[in-house]
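Keep the sequence and the 3D view open while reading.

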Amino acid sequence: MSAKEIVQQFYKSDALIDSEVIKDFLHPEVIVEWNSSKGLVQLNYDSLVSLSNDLSKAYVRSKVRISHIISENDLISVRYSHFVKTIENPREEMLLAHFIVIWQIKDNKLFRGYQMSQLS
């Protein structure tokens, strides 16, 4: 599987709200540097699994709509919008945020991520 296909499969899966699924995609030494509305946050394997766990408590469905994806060797750039359905209102899909991320793939896993987000 190519680096681009790995990233596409990650965002097509339920990994963002399923901590068991996300484990399949993460390299054990993964680091994500995330520039968010709260400033710079650095996440490792355990904190990414924990974040997925936390999201699963609030959302019953997660969907990523990729608008751009560019691949160069082991680096993949992705621009996407993240939509969710809440436990309180599972029929209504709402935009959570817009993201751009550069992923580095190592050993067919997500190894380094450099992400920026903007809330909707």
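## A loop residue on the outside

Glu 88 has a relative accessible area of 71%, and because the cut-off for exposed is over 50%, Glu 88 counts as exposed. The model is a predicted one. Glu 88 sits in the loop that runs between strand 4 and strand 5.

Glu 88 can also be placed relative to Val 32. The two are 56 residues apart in sequence, and their C-alpha atoms are 30 Å apart in space.

Most residues other than glycine have a negative phi. Which way does the phi of Asn 73 point, positive or negative? Asn 73 is not a glycine, yet its phi is positive, at about 55°. The residue belongs to the loop between strand 3 (59-72) and strand 4. Its relative accessibility is 68%, so Asn 73 is classed as exposed.

Asp 107 is another residue other than glycine with a positive phi, here near 55°. Asp 107 is found in the loop between strand 5 and strand 6. With a relative accessible area of 59%, Asp 107 is exposed.

Which residues make the nonpolar surface patch of about 250 Å²? They are Leu 75, Ile 102 and Tyr 114.

Tyr 114 is located in strand 6. Its relative accessibility is 38%. Since partly exposed covers values between the buried limit of 20% and the exposed limit of 50%, Tyr 114 counts as partly exposed.

## The largest pocket

Rolling a probe the size of a water molecule over the atoms shows where empty space is left. The largest pocket in this model has a volume of about 620 Å³. Its lining is made up of 27 residues, and those nearest the centre of the pocket are Trp 34, Leu 51, Leu 55, Phe 99 and Gln 115.

What kinds of residue form the lining of the largest pocket? There are 19 nonpolar residues, seven polar ones and one charged one.

Definitions and conventions: Residues numbered from 1 in each chain as written. Predicted model: local features only at pLDDT ≥ 70, side-chain atom pairs only at ≥ 80, totals over all residues. Heavy atoms only, no water. 1 Å grid on protein atoms, 1.4 Å probe; cavity = no way out; pocket = protein on both sides within 12 Å on 5 of 7 lines; lining within 4 Å. Points joined across faces, edges and corners; volume = space filled by probe spheres on them. Nonpolar A, V, L, I, M, F, W, Y, C, P; charged D, E, K, R; others polar. Patch = residues over 30% accessible without salt bridge, like charges linked within 9 Å, V, L, I, M, F, W, Y side chains within 5 Å. Areas by Shrake-Rupley, 256 points an atom, 1.4 Å probe, with all protein chains shown as cover. Salt bridge = Lys/Arg side-chain N within 4 Å of Asp/Glu carboxyl O. Helix = DSSP H or I, 4+ residues; strand = E, 2+ residues; numbered from the N terminus. Buried < 20%, exposed > 50% of the residue type's maximum accessible area, 1.4 Å probe, protein only.
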